[in-house]
Amino acid sequence: MSDLPTTSSAAAFQHFLATPLDTLLTKHQALNPQQKMLALFQRCAAEVPAYRQFLQAQQIDPAQINNYADFQKLPLISKANYMQAYPLPARCFGGNLSGADRVAVSSGSTGMPTFWPRSAAYELDVAVRFEQVFKDSFQADKRSTLAVVCFALGNWVGGLFTTSCCWHLAQKGYPLLVATPGNNKAEIFRVVRELAPHFEQTVLLGYPPFVKDVIDAGAAEGIDWAQFKPKLVFAGEVFSEEWRSLLSERIGSQSVCFDSASLYGTADGGVLGNETPLSIAIRRWLAQRPEAARALFGESRLPTLVQYDPHSRFFEEHEGTLVVSGENSVPLLRYHIADKGGLLSYAQIWDFLRQHGVQSVEDLGLASSFQARDLPFVYVFGRADFTVSYYGANIYPENVTVGLEQPEIMAWVTGKFVLQTQENAEGDKYLQIAVELLPGVVAEPAMAPRIAASIRTQLLRLNSEFAHYTPVEKQLPQISLHGFADADYFPVGVKHRYTRR
């Protein structure tokens with residue numbers, strides 16, 4: 001049986017409440033994260049029936065895994081070969097759900113949800129990520145703060161996870177009031193108008209494009225954001241530093257690196273890392289130097305760059321993608337999360353910066369008094385598979401295909417398309433789909449609207465994240481129609497890719 005029921009959760013919560021952030025974030029220096037992963041492996045091999053069967057199927061004897069080199073040879077687990085191959089209780093400690101007290105849901109390519117049970121004890125690791133942002137960036141330990149949760153509520157991972165972690169901070173003594181309007185703009189504006197004047201600052205937490213919608217629509221309705229000293233917490237999507245600058249200007253930010261932070265999280269692993277003032281300053285420096293970015297990341301486009309605690313979430317690289325291990329109700333052991341990215345130690349990133357003329361945090365635009373935390377970095381370009389992220393929802397080509405396969409639509413199209421997100425001149429995201437017409441079919445004005453409506457209908461039916469995360473006014477994709485074998489989108493003789501970034 002798991003040793004994690006109520007007593008352990010209560011003890012873990014008391015430890016979180018009584019332990020300062022600095023102590024929580026320096027524990028990895030005293031404890032070896034690699035040794036912790038070995039201990040987690042041995043525990044999973046003994047207490048998680050699915051993982052024990054997984055090892056048996058791979059002919060692996062747990063007793064032979066004695067050091068980190070052995071650990072690195074363990075097979076990767078994934079949704080396909082593990083999460084979908086074994087019953088949910090068998091993937092939990094003790095082979096049952098008794099150690100969990102809450103559940104989050106993520107949507108898969110078929111629209112069938114994946115359930116991720118967890119306990120309050122394991123949620124506290126994620127609460128530390130929020131505490132890092134609220135204390136180090138927003139100084140919310142010293143300023144009365146209204147936190148407005150703008151993620152979708154319900155079982156969806158973003159809303160209640162965020163709410164719960166913010167409540168933990170309030171219980172720890174932060175002068176924090178948590179409001180939960182969810183992704184309802186009218187309710188968000190009502191909360192801001194009524195409550196924000198009573199606080200020194202207001203934090204909006206949500207998916208990047210939705211937070212921008214809130215700021216723009218609120219300004220149009222007469223909300224003077226600057227008077228509320230807004231801070232922004234994002235999750236779910238990569239965005240440009242130009243986009244961050246645009247939003248910072250619209251909220252009247254005087255300190256861009258301290259007024260926003262992006263979280264790197266997944267439904268299965270929780271929040272894996274978070275932006276810090278240092279990581280934002282580095283990213284903004286790199287945004288002006290694409291050659292340096294290419295040298296560091298292998299591409300000139302900027303990934304999300306966050307710092308993480310290897311004692312909480314342990315990362316490895318595998319063929320240009322990320323693998324994570326961590327203790328949860330459904331523990332992760334070398335779990336392949338299919339995100340393209342990589343790892344950099346604190347020393348490595350500073351070596352690189354010094355080679356490019358950056359000698360101190362002042363050269364990055366931070367004050368000389370700023371104290372950076374010695375934590376490693378993980379960078380993330382996004383999914384290495386063919387999904388596109390839109391308002392925090394993973395949009396799968398399979399969902400779009402169904403929209404094109406309706407009888408009235410199939411008379412016009414080949415079924416090939418290119419799915420991507422775009423930004424207009426105002427920095428607003430929209431879903432754009434280029435569709436290939438059948439040979440001899442000429443585009444007519446009525447076609448694109450009907451195709452857009454068909455795709456939206458199927459996305460709403462098949463993709464529960466899309467239905468719950470994407471505002472109604474942003475759900476209709478923009479369709480462009482292209483002749484058969486169009487050279488830009490559908491060249492002959494080239495393996496077709498259904499997504500483009």
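I began with a side-chain pair: Asn 399 and Asn 463 are joined by a polar contact of 3.0 Å. A polar contact is a pair of N or O atoms within 3.5 Å; within protein, one must be able to donate a hydrogen and the other to accept it, and residues adjacent in sequence count only if both atoms are side-chain atoms. I noted that this is a predicted model, where local features need pLDDT of at least 70, side-chain atom pairs count only at pLDDT 80 or more, and totals for chains, interfaces and linings use all residues. Residues are numbered from 1 along each chain as its sequence is written, and side-chain values use heavy atoms, with hydrogens and water left out.

I placed Asn 399 in helix α16 (residues 397-404). Helices are DSSP runs (H or I, at least four residues), numbered from the N terminus. Asn 399 has 1% relative accessibility, so Asn 399 counts as buried. Buried means under 20% relative accessible area, with a 1.4 Å probe and protein chains only.

Next I looked up Ile 409, in helix α17 (residues 407-410). Ile 409 is buried, at 0% relative accessibility. Beyond its neighbours within four places in sequence, Ile 409 is in contact with Gly 403, Leu 404, Arg 450, Ile 451 and Ser 454. Contact means heavy atoms within 4.5 Å.

Then I turned to the cores. A nonpolar core is a set of buried Ala, Val, Leu, Ile, Met, Phe, Trp, Tyr and Cys residues joined through side-chain atoms within 4.5 Å. The largest has 126 residues, and Tyr 51, Phe 130 and Phe 134 touch the most other members. Helix α7 (residues 120-137) gives the most to this core, 8 residues. I found a second, separate core of 26 residues, with Ile 280 and Leu 296 among them.

Last, I checked two helix pairs. The axes of α13 (residues 277-287) and α14 (residues 290-297) come within 7 Å and cross at roughly 120 degrees. Axes are lines fitted to C-alpha atoms, for helices over the stretch in contact, and angles run from 0 to 180 degrees between N-to-C directions. The residues in this contact include Trp 285 of α13 and Phe 297 of α14. By class I logged 8 nonpolar, no polar and no charged residues.

Helix α11 (residues 241-250) packs with α13 at about 115 degrees, axes 10 Å apart. Here Glu 241, Arg 244 and Ser 245 in α11 meet Ile 280, Arg 283, Arg 284 and Ala 287 in α13. I logged 2 nonpolar, 1 polar and 4 charged residues. Ala, Val, Leu, Ile, Met, Phe, Trp, Tyr, Cys and Pro count as nonpolar, Asp, Glu, Lys and Arg as charged, and the others, Gly among them, as polar.

Notes: Buried means under 20% relative accessible area, exposed over 50%, partly exposed in between (1.4 Å probe, protein chains only).
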